[in-house]
Each structure stands twice: as C-alpha cells, then as structure tokens.
Amino acid sequence: MSSKKKVGILGASGYTGADAVRLLARHPNAEITALTANTHAGKAMGDVFPHFFMLDLPKLVEWEKVDWTSLDAVFCGLPHGTTQEIIAAVLKDNPKIKVLDMSADFRLRNKDTYAQWYGHEHRALELQGEAVYGLTELYREKITSARLVACPGCYPTAALLALVPLAKAKLIDVDDIVIDAKSGVTGAGRGLKQNTLFSEAGEGLSPYSVGTHRHAPEIEQEIGVAAGSAVTINFTPHLIPMARGELCTSYVKLNGATPDDLRTALEKAYANEPFVHVARKGVLPQTQNVRGSNYVQIGVIADRIKNRAIVISTLDNLVKGSAGQAIQNMNLMFGLPETAGLEQIALFP
Ligand SMILES: NC(=O)C1=CN([C@@H]2O[C@H](COP(=O)(O)OP(=O)(O)OC[C@H]3O[C@@H](n4cnc5c(N)ncnc54)[C@H](OP(=O)(O)O)[C@@H]3O)[C@@H](O)[C@H]2O)C=CC1
Ligand SMILES: CC(=O)N[C@@H](CCC(=O)OP(=O)(O)O)C(=O)O
C-alpha cells in the first residue's frame, strides 16, 4: 500500500489549483486522487491544461462527487466567499481532513473586519475562529498542529515577510509604511476579465483598488500583531504585463536604526529559513530571480531622504504566493521535510 498522502484539489481548473497540481505531481510524499472544477467539471485535466500531457490525473468533477473519506488533505483554490461554504460542508462529514485554503476566506481573524471588507457576514464563523494564518515563517508551530490553514494572499506574503521582522524589532515606525506592489496577471485568476485581456494589460501598467484593496486589512492584521498595536498602512497594487510574479516596494521610516540594521535584522530572522533569501547589500531583488520557485527574495536600500529606507521583496504569486506555500504548510502538518516537492530553482530568464 502506498504511504503517500492522498490529496484533493478544489478548483483545479484555476491557476492556483493547476500550480498545486504541477508541484504535487512530483511531490515524493503526495498522490493526487481528486480534482474538482465548476464549469469545467467532467473534462480531463489534460484538456483544460494541455501542459499536463505527461501526467495521469483524475478527471475534473464537481466537489460533491469526491469521495472525501479517502483523502488526507485538500487544497482549496476557489473564489473567496464560495470556499467557506464548501469547506464547512466537507469538514462536517469528514472532520479529519487537513485543509490548505488558498482563498481569502479564513485569513482575517476579526469577523467585523471580514464583513466590512468582503461585504457579507462570514458563513462559517467557527472555522474562521479555528483557522491558523498560514504564513509559514511566522506561524510554523501553530501550522504543524492545525487542521485548517488559511494561506495568505500573494501581496501579504511578499509584504509581511519584508516588514514583520522590522516591526517586531521596532526598527521602523509602523504608522508610516507605504507599500507599492505589482502583480502579474495570473494574480487575477484564469476567468475572463476585461482588465486582464492581452490588449488591455499587455502594454501598460495599471494601478487598481487604490486605497480600497482587501489585502490592506490582512497586512495590517499581521503587522499589528508584530508591533503589538493596531496599524494602518498605505497599500497600492498594480497590474503589470507579465504572467506570474510579484514585487513589493515598501517605503519605511527608521526608528533611529540604519538601513544596514534592517538588513541585519532580516538576515537574523531568516538565517534558518529554506525559502527566504535576504539579498546582500547592493543586490536588488527582481521577479526573475524567483519565478516558478517557492523562494522569496528581500533587499534593503538606503533612501536619500534622511531616516528612511526602501525594502523590496519579490515572489512568484502562484508558488510562495499560493500553491507552494500551501504545500510547505502541508509538509509541516504531516511531519514531512518542509522543503519536500518545493526545491525548484527559478526559471530564468
Ligand atoms: N491567482 C493568484 O495568484 C492567487 C489567488 N489566490 C486565491 O486563490 C483562489 C483561486 O484563485 P485562482 O486559482 O487564481 O482562480 P481561478 O479563477 O483561476 O480558478 C477558480 C477555480 O474555482 C472554481 N470555481 C469557481 N466557482 C466555483 C463554484 N461556485 N463552485 C466550485 N468551484 C468553483 C473554478 O472552476 P471552473 O474553472 O471549472 O469554473 C476554478 O477551478 C482565489 O480565492 C484567489 O483569490 C491566492 C493567492 C494568489
Ligand atoms: C492581480 C490580481 O488581481 N490579484 C488579486 C490578488 C490575488 C490574491 O492573492 O488574492 P486572494 O486574497 O483572493 O487570495 C487581487 O488583487 O485581488
């Protein structure tokens, strides 16, 4: 009998689900036994994503048709709002399944903050209270014993890995953080949308949700925990003409520290981290350095303005920004080597 963990992927016809398939198909300790879709249900995975021609994968089915009793874990790449209802139904009858949610449904701890930003009351409040925030480097211990892990959004992962150690060490003024972020268009999912058409996204750079993006409260929640006080940040996302990749430029005010102190604090925080690389002085992170990999690269640059510094972080939104981080968390939850299935080097150029 195979000792591999049997995993299912909800939303396998979407981008995060498909990247989970790409990575899990070569994971030494996992076996994909169920894949779900909505409009694509009934199709072969190889017809929906022809780049999987070499894999023998289960057919895409509606989530109600999955034999949940045979699964050890489920990855969830569904739209937010939909996830909470489906996961509540699955866990009700199959309470032992481990859930790696890549949507936003269980990330915000405060139910009022959730309702304010997502426009409705949470429909699985108990699970919202149970979920562990899945930023591996910050919550490793809690993730190890969790049943439901709310993997962070791609922007929060990039921003928080750069800023949390600095907020914790009180090296920066947490009331003066400006995050300027850029994402490739896969960040918006595979569904047809006007703003991600090649003709509209291919030759321009567009800011969106300025001052209103739902990742602001998620970032504030975790910087607030690190700082020990509520914070408000300035966060502006942009859509850039490339498929995958994300880069966050954070402008910070120093609390009497130097930019070199910031770099030293980050190096110390991530000295034993397999997937976070602090660039040496003078090296600027760029999306090409992490594309297709589970790595995050962070760099610190002195600003010409006195008492300010610039912290740049980059990741692949479909790997460390979603499917890769979810697999890293699954590895912890099953006591597997944390890096299993995730050691790919960036696809450069
Ligand atoms: N893309 C990214 O970089 C990141 C995305 N996320 C989050 O991960 C989740 C998935 O994102 P992404 O993969 O980009 O999205 P996609 O739009 O590419 O895929 C969504 C998936 O959900 C399925 N689906 C849609 N509606 C329903 C429904 N009512 N019932 C069951 N299944 C449904 C779709 O099926 P079908 O195609 O058959 O209709 C598809 O498989 C979202 O919550 C997103 O915000 C998080 C981090 C990064
Ligand atoms: C380019 C783009 O549209 N990106 C998405 C973020 C993707 C992500 O991380 O979203 P979740 O919080 O839903 O998981 C957005 O801005 O909504």
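## Ligand 1

Ala, Val, Leu, Ile, Met, Phe, Trp, Tyr, Cys and Pro count here as nonpolar, Asp, Glu, Lys and Arg as charged, and the others, Gly among them, as polar. With those classes, the shell around ligand 1 has 10 nonpolar, 20 polar and one charged residues. This is a predicted model, in which local features need pLDDT of at least 70 and side-chain atom pairs count only at pLDDT 80 or more, while totals for chains, interfaces and linings use all residues. To find your way around, residues are numbered from 1 along each chain as its sequence is written, and chains are lettered from A and ligands numbered from 1 in the order in which they are written.

Which residues are the closest to ligand 1? They are Gly11, Gly14, Ala37, Ser103 and Gly189, out of 31 residues that surround the ligand. A residue belongs to such a shell if its C-beta atom, placed from the backbone, lies within 6 Å of the molecule. Helix 1 (15-24) and helix 11 (319-333) each supply at least two residues of the shell around ligand 1, and the largest share, three residues, comes from helix 1. Helices (H or I, at least four residues) and strands (E, at least two) are DSSP runs, numbered from the N terminus.

## Ligand 2

Around ligand 2 you will find His80, Ser103, Ala104, Gly153, Cys154, Ser183, Gly187, Ala188, His215, Pro237 and Leu239. Sorted by class, that shell holds five nonpolar, six polar and no charged residues.

Where does ligand 1 lie relative to domain 1 and domain 2? Both domains give residues to the shell around ligand 1, so the ligand lies between them. Ligand 2 also lies between domain 1 and domain 2, because both contribute residues to its shell.

Nine residues of domain 1 are in contact with seven residues of domain 2, where contact means that the C-beta atoms of two residues, placed from the backbone, lie within 7 Å. On the side of domain 1 that touches domain 2, the largest share, three residues, comes from helix 4 (residues 111-118). That side has five nonpolar, two polar and two charged residues.

## Helix 1 against helix 11

The axes of helix 1 and helix 11 come within 9 Å and cross at roughly 50 degrees. Axes are lines fitted to C-alpha atoms, for helices over the stretch in contact, and angles run from 0 to 180 degrees between N-to-C directions. Helix 1 and helix 11 are therefore oblique to each other, given that angles under 35 degrees count as roughly parallel, over 145 as roughly antiparallel, 65 to 115 as roughly perpendicular and the rest as oblique.

Thr16, Asp19, Ala20, Leu23 and Leu24 of helix 1 make the contact with Val319, Ser322, Ala323, Gly324, Ala326 and Ile327 of helix 11. Those residues divide into seven nonpolar, three polar and one charged.

## Helix 7 against helix 9

How do helix 7 and helix 9 run, roughly parallel or roughly antiparallel? The axes of helix 7 (residues 154-168) and helix 9 (residues 215-227) cross at roughly 20 degrees and come within 9 Å, so the two are roughly parallel to each other.

From helix 7, Tyr155, Pro156, Ala159, Leu160, Leu163, Val164, Ala167 and Lys168 meet His215, Glu218, Ile219, Glu222, Ile223, Ala226 and Ala227 in helix 9. By class, this contact has 11 nonpolar, one polar and three charged residues. His215 is also one of the residues around ligand 2.

## Two backbone details

Lys170 has a positive phi of about 55 degrees although it is not a glycine. You can find Lys170 in the loop between helix 7 and strand 8 (172-183). The peptide bond from Phe348 to Pro349 is cis, with omega near 0 degrees, and Pro349 is placed in the segment after helix 11.

Conventions: Domain bounds come from an automatic or database domain assignment.
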